Amino acid sequence: MTTATTGRSAADRVTGTAHTRVEGRDKVTGAARYAAEVPFAELAHGWLVLSTVARGRVRALDTDTVLAMPGVLTVLTHHNAPRVDTDFVGMMGVPPDPGTALFQHDRVPHRGWPVALVVAETSEQAREAAETLVVHYDEEPHDVAFSAGREAEAYPVDGHMPAVVEKGDLDRELAASAVVVDAEYTTPEEHHNPMEPHAATARWEGGRLEVVDSNQGTHWVAGDLANLFSLDPGTVRVRSEHVGGGFGSKGVRAHQVAAVMAATVLHRPVRVVMTRRQMFSLAGYRSPTAQRVRLGADPDGRLRALEHRSLNQTSTVHEFVEPSAAAGRSMYAADAHHTVSRLVRLDVPTPTWMRAPGEAPGSFALESALDELAEKCGVDPIDLRLRNEPAVGPVSGLPFAGRNLVACFREGARRFGWAERDPRPGVRREGRWLLGTGTAAASFPAMAMPSTASVTAEADGTFTVRINAADIGTGARTALTLIAADALDVPTDRVLVRIGDSDLGPAMVAGGSAGTRSWAWAVTAAAEELRRGLAPGADIPPQGITVRSDTTEAVGALAQKERHSFGAQFAEVAVDPATGETRVRRMLGVFAAGRIVNPLTARNQLVGGMIWGLSMALHEEAVRDPASGGVYGADLAGYHVAAHADVPHVEADWVDDPDPDDPVGIKGIGEVGTVGAAAAIANAVWHATGVRHRDLPIRPDRILSAGGDA
């Protein structure tokens, strides 16, 4: 037995200092196993068969031929699959997507809908058999054509925030405005494409269902699977130790449900892995948007009216809102403030959360419109934004839990050299290149959700932290190690963090930029209580001493405030007017995102988010074939994404901005880095060329074809 220690001095605190990932060596050496790499005895492999029509019914499936093929164990269809129940409310009060109820009927609501699962001894056998299966359809006319012209069919739906928010008399304030901007903007369908594909293995053992999965929250997946299959929640365990990216896509999907069905039927472990092409149909995506922004202002640029209307598509089986119009509800003061997000139902897969849902496409429209207003008023774009800084929430009237956007713009302008910028567009040249600079603001909500955690003082003098967090590549394990070490007042090498197991109890998912904040609160509460209870020199019994926390009450007692991370984005572009090529030469983002736990991984997240925004501005675009209803080039060869090499110089930094109501001072950094980046680049392209591009991505053909306003 070992005795408890009094730990380190305050000068040795590790939170806020750079630390490499605690699991980094395991990842680079291959010791870290991802969901599709965990071995199981007697493992069978499932391969999903997706519909080749966009609307209709399955008339018949030629399963006999497939069942006779080598290694094939079963073919699950709507004729023989286990029944499931979708009549429940899932994580964060959201009902499940009925698309997870596989093989329950013969209807096909979109191309790429799962119609069968072929299970075989090897993945090669399963794939060959799945590709051999002939499915006969009664095909019906389909509609996948999204456009702003569908507004008449659209309707508002509350998603994870209200669809409609109104304050003041919009028509009166627009009529009284000296300067008005009225512009429409569009963003295309975009896809997550994390490096690790969606993969799940299901097995029954000792009366319990165990699922090894790649997800953003094992408690979420376990709860939904228990509800879908009408199981006692205590009989379902989901593990997800290492995850190679999520971005909002790794929730409850078809592959987990299919694996559970097959394991239940065959009484042996079954693994289902999505192909990259299947992910374009089954993993969710960001809906295209058609947005209209109307701004009314006095001659000096002070806003009198702000209207933001957004339209997005959803499927015919489930309503999902991309709340783009909500992006401005916390950003700028205006006497009249009207925002609405609306849906049109089409024969397409259901969209889902994608990094910075709502804020990413919404900020492109709003921040581009702000730039257009600055041009009309003859005001510097940064000055215009500062003139419209709200003292309280522009719509809610609530106080801000810290709002350091002004500091971000001032520091960013200083470092970027904004003062030397000639505001006139199209005048700066370097050989064949037109050069331009642009800026935009960023914001993303800072949430905390109830979570539980336990901390054990072990007999050998170490401490084990157990919390059902998910590290989707963000460095969450490392951040929680630093937070626990400080709360326990011990070195980091005496802390072991266990995550990614639903048996560890309920905790927030890795999403909404709320994961680390929520988990840190629970870990800090348990660690501090444990430390207070450990008398100096006290013996630790062999089984250790454990304290468990639950932050439900504390989080519920938070004062009502506007809680957000903020940022200022800057970009410099070079445009070749002869070829339409746009190159981003440098980007700078300065953020006010709470206390930064680990500067090393935080900077990685912010830089990655900014490059994601670059990708949104210039590259990403999924196009649906109106004839087939499917996505053209549904792979990483046809769907273009930006890489680090696409911008020679990118910097991310932050200003001091701790949240006084959070025990660690955290806000959130996962998504704010993406917000505003596309707008900053679009504004820079206008500054370089004098042409305003209101449709993303800004492709070379659009540069070449633009005449006057694009």
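Colleague: How many aromatic pairs does the structure hold?

Modeller: It holds nine aromatic pairs, where rings of Phe, Tyr and Trp (its six-membered ring) pair if their centres lie within 6.5 Å. This is a predicted model, so local features need pLDDT of at least 70, side-chain atom pairs count only at pLDDT 80 or more, and totals for chains, interfaces and linings use all residues. Residues are numbered from 1 along each chain as its sequence is written, and side-chain values use heavy atoms, with hydrogens and water left out.

Colleague: Why is the pair of Phe409 and Phe570 edge-to-face?

Modeller: Their planes are at 75°, with the ring centres 6.3 Å apart, so the pair is edge-to-face. Planes over 60 degrees apart count as edge-to-face, under 30 as stacked and the rest as tilted.

Colleague: Where do the two sit in the chain?

Modeller: Phe409 is in helix α10 (residues 405-416) and Phe570 in strand β23 (residues 564-575), 161 residues apart. Helices (H or I, at least four residues) and strands (E, at least two) are DSSP runs, numbered from the N terminus.

Colleague: Is Phe570 buried or exposed?

Modeller: Buried, at a relative accessible area of 0%. Buried means under 20%, exposed over 50%, partly exposed in between (1.4 Å probe, protein chains only).

Colleague: And which aromatic cluster includes Phe570?

Modeller: One formed by Phe409, Phe416, Trp418 and Phe570. Trp418 and Phe570 are an edge-to-face pair, 5.8 Å centre to centre with 70° between the planes.

Colleague: New topic: what sits over the ring of Phe416?

Modeller: The charged end of Arg586, 3.8 Å from the ring centre. The criterion is NZ of Lys or CZ of Arg within 6 Å of the ring centre and within 35 degrees of the ring normal.
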